[in-house]
Amino acid sequence: MSAESDEEFREFMRGRWPAMVRLAYGLTGDLGHAEDVAQAAFARAYASWSRVARTGDPDAYVRRIVINENNSRFRRRRVTESLVDAVPEPSGPRSADAADALGDSEALMRALRRLGPRQRAVVVLRFWMDMSEAETAAALDCSVGTVKSQASRALAALRGSAELMEGELQ
Amino acid sequence: MSDLHEELNTALAAVEPGAAPVEAAMLTGRKIRNRRRAGLLAGAVAAVAAVAVGVPALTHQEALPAPTTSHIRVTVNPPGPHSPAGLIASGLIGSKPWNVSVESPSSNNCAFEGNGMSLVACAGDQGQPTAAAPISFEGEGGDGSPIPVNITFGKVWKDVVSARVELSDGTILTLHPAEVDGSRFVAFASPESVLVDSVTAYSSSGAIATAIPFEPPGGLLPSFEAWLRPGQALPARLTGTFGSGTAQGKPWRATAYLGPWGTCLTVGHDVDCFGSPQRPATGWVGGSDSWVIGTAADSVSYLVITLKDGSTVRAEATAVGQQKFWGVPLSWSQQADARWTAYDDVGQAVASGSIRTG
């Protein structure tokens, strides 16, 4: 791989790192795991960078690997998956005027973490990534029917969560 | 739904990741790429036994891909009187300069620069050298421009005054230890396509020991676990499978490689080596988040691993040469609090112990 393509990858990763970590955080609910998943995804992208770059949409490629890495992680470590009440603190500084919004956000993240991994992934992909049911099903390697049922149960659980203020979810 | 989208947007936007670990991701990516190459080249490994010989024939095991025939000039030089602090060694790969230096006094990690790339922490917590293993080598690989290279770096036993490295293309490198913060180090860079045939450590009175490293068929970097004394007979080279099957829908195979490098056990891309000349007793020796592999005494016929939930997994003890091994697919969570019991061929328990916990 040439120094030029290496530099191209560096620039791409620096630019897309926050977004991929946020996606992984939504899927995993844990910032440490999210950074691991995102780093693994970028590493795999780099391993095939000449081909990935030629696709013209490396972002989609890495996003897909993040989702796959997360799927694999749950397949490997399903038994160890446990739900916790505390959401890890974001590692960066927060602005003071965002505190109120973050309070609600943390409640949402706590509720999200109480979902099973599949339901959490459906919520993130369908309602944050705005993927269609078919796209979500393809990404999670399951049927559209599963996506529908999981989404329905996930939303019901989120709506019923005491963590969230009544009326937040429409 | 749009409210949920906005809520998620806000929640996830609040996450502030640390700095992008670009170089670490690239390093891992290079390893993935190199494993693919090695996997393509290695193919199936047949069990091959070789006889011990009295004079070391410094060649690699049969599983290795053939090294490249094109010669790339490699040089290594110790630091001079005006070299920057922390420098261990420098030289050329082809026409490109490289250098390795200790990254910080406290870490003992090294930093590699040159050949169009820069790596930090290219050696982690390599063990301490001893009289029996006079250089504690670690390494990293990277394929910067224009030539993919491996960097091999190690702490040196106090008696060592130099080391001779023989590469598979015939290149001979002479390493001279450099002292940094009370520790002595050597380092060299070599093209990824060229294997390390041997390293011999010398004291002021002559050769101390020679290491013939193991080159994992599916991996990247050589493993220097066993050091042979001058005149010591080369242990027989032997390769054999001691476990295989299907786990989670995927085939797996555990293989033992015995030879002058000691004993190396592989499952997939996981490699565990130990160089002790003493035959190990029954127990686990390594694995990953998916496997556990171990050794067994002669009397052991099989082991039963009891998981935390009370379920059991049976592993047959299989001989490769004079040593028995066993391996089972176990997830990381299954390994937690798991215990093994070894049985002889009449079902009598002969040993027991625990497998590591998470």
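In what order do the elements of chain A run from the N terminus on? I read them off as α-α-α-α-α-α-α-α.

**Ground rules.** I am working with a predicted model, where local features need pLDDT of at least 70 and side-chain atom pairs count only at pLDDT 80 or more, while totals for chains, interfaces and linings use all residues. Residues are numbered from 1 along each chain as its sequence is written, and chains are lettered from A and ligands numbered from 1 in the order in which they are written.

**Chain A.** I looked up the secondary structure and found eight helices and zero strands. Helices here are DSSP runs of H or I with at least four residues, strands are E runs of at least two, and both are numbered from the N terminus. Of the 170 residues in chain A, 39% are buried. I call a residue buried if 20 or more other C-beta atoms lie within 10 Å of its own, exposed if 12 or fewer, and partly exposed in between, with C-beta atoms placed from the backbone. I also checked contacts, meaning pairs of residues whose C-beta atoms, placed from the backbone, lie within 7 Å. Among the chain A contacts with a separation of 6 or more, 58% join residues 24 or more positions apart.

One residue made me stop: Asp130(A) is not a glycine, yet has a positive phi of about 60 degrees. As a reminder to myself, most residues other than glycine have a negative phi. Asp130(A) sits in the loop between helix H6 (117-128) and helix H7 (133-140) of chain A. Is Asp130(A) buried or exposed? I counted 11 other C-beta atoms within 10 Å, so Asp130(A) is exposed.

**Chain B, overview.** Here I have three helices and 25 strands. Buried residues come to 44% of the 358 residues in chain B. For contacts with a separation of 6 or more in chain B, residues 24 or more positions apart account for 55%.

**A sheet in chain B.** I traced an open sheet of four strands in the order E9-E8-E12-E13 of chain B, with antiparallel pairing. Strands E9 (172-175) and E13 (206-211) of chain B are at the edges with a single partner strand each, so one side of each has no neighbour in the sheet. On average, neighbouring strands of this sheet are turned by 20 degrees against each other, direction ignored. That angle uses axes fitted as lines to C-alpha atoms (for helices over the stretch in contact), and angles run from 0 to 180 degrees between N-to-C directions. Pairing asks that DSSP find at least two bridges between two strands. Strand E8 (residues 162-167) of chain B pairs with E9(B) in the antiparallel sense over four bridges, and Glu166(B) has Ile172(B) in E9(B) as its bridge partner.

**Around E11(B).** I moved on to a strand that is mostly covered: seven of the nine residues of E11(B) are buried. Strand E7 (residues 149-156) of chain B runs antiparallel to E11(B), joined by seven bridges, with Thr152(B) partnered by Phe188(B). E10(B) also runs antiparallel to E11(B), through three bridges, and Ala178(B) has Phe185(B) as its bridge partner. E10(B) and E11(B) form a hairpin with two residues between them. Asp181(B), in that turn, has a positive phi of about 50 degrees. How many other C-beta atoms lie within 10 Å of Asp181(B)? There are 12, so Asp181(B) is exposed.

**Phe214(B).** This residue lies in the loop between E13 and strand E14 (238-247) of chain B. With 29 other C-beta atoms within 10 Å, Phe214(B) is buried. Which residues does Phe214(B) touch, not counting those up to four places away in sequence? I noted Pro222(B), Ser223(B), Tyr257(B), Trp261(B), Cys264(B) and Cys273(B).

**Another sheet in chain B.** Five bridges join strand E20 (residues 302-306) to strand E24 (residues 339-343) of chain B, and Val304(B) stands opposite Thr341(B) in E24(B).

Key
Two residues are in contact if their C-beta atoms, placed from the backbone, lie within 7 Å.
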